[in-house]
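Reader: I am new to this structure. Please show me how to read its main features.

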Amino acid sequence: MNITEKILARGAGKSSVSPDDVVFANVDKVMIHDVSGPGVIKVFDKLKKQGISIDKLWDPTKVWVAEDHFVPSAEKVSAENIVKLSNFTKNYGIEKHFKYGMGQYGICHTISHEEAMVLPGEVYVGGDSHTNTTGALGAFACGLGHTDIAYVLLNGKIWFKVPETYYFKLNGKLPDHVMAKDLILKIIGEIGTDGGAYQTMQFGGSGVDEMSVESRLTLCNMTTEAGAKNGIVEPDQKVVDYLTQRGTTDMNLIKGDDDAEYAKVFEFESSEMEPTVAKPFSPENTTVVREAPSVELDKSYIGSCTGAKYEDLVAAASVLKGRKVKIRTEILPAAISIYQRAMENGLLKIFLDAGVTVGPPTCGACCGAHMGVLAKDEICISTTNRNFPGRMGHVESQTYLSSPLVAAASAITGKITDPRDL
Amino acid sequence: MEPFKSVSSIVTPLDKVNVDTDQIVPKQFLKLVQKSGFGKFLFFNWRFDENENKKSDFILNDPKYKNSQILVTGDNFGCGSSREHAVSALLDYGFSVIIAPSFADIFLSNCFKNGILPITLDQQLVEKLQQENGAINVDLENQIIKTPSEEISFGIDSYKKKILLEGLDDIAQTFQYEDKILEFEKESKLPSVL
């Protein structure tokens, strides 16, 4: 069995599973946020009316809650959703609620790794499509709709159809100025936005071995944009060190067997990658930066679970140091812990000196909710993960997806710029 | 959930691939949590201009399709965000059947939780149905789509079919059988394939 099959077999209490088996698996962790949480509450209300007991969750210690999409609240409906979420966690005794304005909080997927909320070998589901991110820690991580999440909260388990696995063998260390984001955009450009539909996308090879845990998180985050059920990387010493630094030592490292089977194997020469962007209006619409259209940008946005981890901010700072931005540029660290490290290590000063506005952690303009959304005809280069029409604001705005290095280089020139050409 | 038996209506052909849930329900409506009333937000940016006037060139605004309950569309329908609001909007607008060559995973699962029948058909058949002018009938019990000129059979998981036919809420349904499921899991040597 490969790693995904082994984790699902463990979760289902079976000695083995195969692709297309349907298994009833115990869930180890579940996450809700300020969009899926109110949806869950609605489902609970309905169940109560049907006479089903909703007095207790299966295990409140395995549930955690993030406030990310609509914080800080820009209007009263969002504010009321946060109140609802707070009442929910209080009523059910959920202690891990990362609240805006009270120390550590941030984008749910970032909290999942920054706070070691999810561990290798676990079955983790979240009420958000980018839950795939956390597979980089060696967990089975996937998103569900809020009705399914409500079921998991009450019952602690859920059905899964064991996916087939596409194995992406990445050969060689990424060159300087090229990040995991460039690589995954290239992959999505090759296989398409449904190229991984219903599949597991597993990454391995020397390219992944060389990569930091944060870079692997970027790869797994974007598997959602290829339609994958989950993204995953087998855990190694880097993952152990990463989680140990975050206070966790008790880990069950599950890896695939030597004779693990994969439905397909793709090979990419990661050592030969180039800075890449996805043009509007699809993550699969990719081109290398040096062949990107010469458009006048209005804005550079460095934020989101995909593109505002600490490593992403370090990359942006390496470009912005001693330079001034030519267009509106916002950097929103994805969690308070990252914000704090950026402050302690002088990154915030570099950003502010360059003329950048640094905002609070939030999904913000990535989902077009608030905090710097785009006007009609505005063009943005962004480290986020989606560029569908209207995703970041007006339906006639345009977003180019890129790495933090490309977004920072483009902020300096006002055009889509390869960081090697600065 | 209302029991699903059969639906007869003309089809609305939405000839697009990779329709993502941001297009089905834009972000500004996500903070609303009611299950009813989302229909007015369906394909909001395609249906309305910035002054919220109807765009005449979008198919849903053609009065001919006003009472259509069957949407026939392209590959990978419902990709992107996991928002269940997308399914609520389609249902509230009046669509109870969606036919496409393929669906995004989370969207597909959300359909069954809310009483929409998603049907996966070969590309060629989907294109043919998109050309169909008259009413067609979708009969879930017999798994047949009847057009004026032919009958097309479709596949569906038997458990999901039962849920839709009986209008059973997925969660409530499973809870009724929790003891039996646990017993089965414990005793059975067969792989569980519900």
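**Reading the fold**

Author: Start with contacts in chain A between residues at least 6 apart in sequence: 76% of them join residues at least 24 apart. Two residues are in contact if their C-beta atoms, placed from the backbone, lie within 7 Å. This is a predicted model, where local features need pLDDT of at least 70, side-chain atom pairs count only at pLDDT 80 or more, and totals for chains, interfaces and linings use all residues. Residues are numbered from 1 along each chain as its sequence is written, while chains are lettered from A and ligands numbered from 1 in the order in which they are written.

Reader: How many helices and strands does chain A have?

Author: Both are DSSP runs, numbered from the N terminus: helices are H or I with at least four residues, strands are E with at least two. Chain A has 14 helices and 18 strands.

Reader: Why does the radius of gyration of chain A agree with a compact globule?

Author: The radius is taken over C-alpha atoms, and the globule rule is 2.2 Å times the number of residues to the power 0.38. For 422 residues the rule gives a value near 22 Å; chain A has 21 Å, so the two agree. The C-alpha trace of chain A spans about 60 × 55 × 40 Å along its principal axes.

Reader: What share of chain A is buried?

Author: A residue is buried if 20 or more other C-beta atoms lie within 10 Å of its own, exposed if 12 or fewer, and partly exposed in between; C-beta atoms are placed from the backbone. In chain A, 62% of the 422 residues are buried.

Reader: Which domains are assigned in chain A?

Author: Domain bounds come from an automatic or database domain assignment. For chain A it gives domain 1 (3-268) and domain 2 (279-421). Their C-alpha centres lie 24 Å apart. The contact between them takes 35 residues from domain 1 and 34 residues from domain 2.

Reader: In which sense do β4 and β5 of chain B pair?

Author: Two strands pair if DSSP finds at least two bridges between them. In chain B, β4 (residues 97-100) and β5 (residues 117-120) have four bridges and run parallel. A100(B) sits opposite T120(B) of β5(B).

Reader: How many residues does each chain bring to the contact between chains A and B?

Author: Chain B brings 37 residues and chain A brings 42 residues. On the side of chain B that touches chain A, α4(B) gives the most, with five residues.
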